[in-house]
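Me: I have a model open and want to learn how to read it. Can you take me through the main features?

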Amino acid sequence: DKMRSRERAWAAVCLGLQQDTEAVKPLWERLSKNYKGKDQMNIPAGILCGLGLIGDASILPQLEAALKSGQIEGKEINDRIRAYVAYAIDKTANPESLDILMASLKSRSVGRVVKRSIAIAIGTCGAKASEDKQKEAVSSLQRFVNKSGGAPSGENFAIIAMSQIGTKKALDHLIKLCDGGKYGQRPYAALGLGTYVWYKQRAAERKEGEPMDPAIKGKIQ
C-alpha cells in the first residue's frame, strides 16, 4: 500500500502475465478495497487487466455480476472500471459469458465507454461459441451498430467484433457496410474484412483451419 498507484497497477498486470491462478484470490480481494481519486483508479484497472490475463474461468461469476450491477462487493464502480470488467471477461474468452454481455450491450443503464469493451468481448467470446450462439451474437452487434444512440466509436468496435465471429451473416453485413454504411463505418468494415481474410489465409496455410468460402472470397474481392 505504500507504493505509488502506478507501480501497484503494473504489478497486478505482471501477475496476470504470469498466468498463475494462485494470484486470482488475492487480486480479487484487493479489487474490493476502497480507491479514491483519479490516480488511485489505476489500481483496480490494473487488477482487472491482471485477472483477465490469467484467464481463470472461476472468476467469471464475480466479473459478470460486476458488469451487470455496476458494483464490486457492494461498492459502486465508475464507467472506466466497469469497462475494464468487460475487458477481463473478454480476455477470459468464455462463450458462456455471451448472455450477460449481450444483455449489457442493449441496457440503457450501461455507459458508452463500457459498451465499447462489451462489443469486443462479444466478438472474442462469440468466436468460440456454438453456431446458434454465434447467430445471437451477430444479431446483437448488428442491432447495436444500427441503434447505438450516436456512439460511433462503439459502432466501430462492434463492426470489428463481427469480423472476429466471421459467420456468413456477419461477413455479409460487413460487405454491405463497406458500400452502404455511414462515412465512419466504411473503413472499419473494410478493416474487419481484411483482418478476417488475413487470419483465414494464415490458418489455411498452416493447416489449422478451413480455407475461405469461395463465395465469400468472391464478394470481398
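What follows goes from the overall fold down to one residue.

Reply: One caution to begin. This is a predicted model.

Me: What does the secondary structure of the protein chain come to?

Reply: Count the helices and strands. Here there are 13 helices and two strands.

Me: How does the radius of gyration compare with that of a compact globule?

Reply: For 221 residues, a compact globule would come near 17 Å. The protein chain has 18 Å, so the two agree. Along the principal axes, the C-alpha atoms fill a box of roughly 60 × 40 × 30 Å.

Me: How many of the residues count as buried?

Reply: Buried means under 20% relative accessible area. By that cut-off, 46% of the 221 residues are buried. The protein chain exposes about 12,100 Å², and carbon and sulfur atoms supply 51% of that area.

Me: Which share of contacts joins residues at least 24 apart?

Reply: Take contacts between residues at least 6 apart in sequence. Of these, 65% join residues at least 24 apart.

Me: Now one residue. Where does T167 lie, and is T167 buried or exposed?

Reply: Locate the residue, then check its area. T167 sits in the loop between α10 (152-165) and α11 (168-180). Its relative accessible area is 19%, so T167 is buried.

Me: Which residues is T167 in contact with?

Reply: Set aside neighbours within four places in sequence. T167 then contacts Q134 and V138.

Definitions and conventions: Residues are numbered from 1 along each chain as its sequence is written. This is a predicted model: local features need pLDDT of at least 70, side-chain atom pairs count only at pLDDT 80 or more; totals for chains, interfaces and linings use all residues. Side-chain values use heavy atoms; hydrogens and water are left out. Helices (H or I, at least four residues) and strands (E, at least two) are DSSP runs, numbered from the N terminus. Buried means under 20% relative accessible area, exposed over 50%, partly exposed in between (1.4 Å probe, protein chains only). Contact means heavy atoms within 4.5 Å. The radius of gyration is taken over C-alpha atoms; the globule rule is 2.2 Å times the number of residues to the power 0.38. Accessible areas come from the Shrake-Rupley method with a 1.4 Å probe; for residues, only the protein chains shown count as cover.
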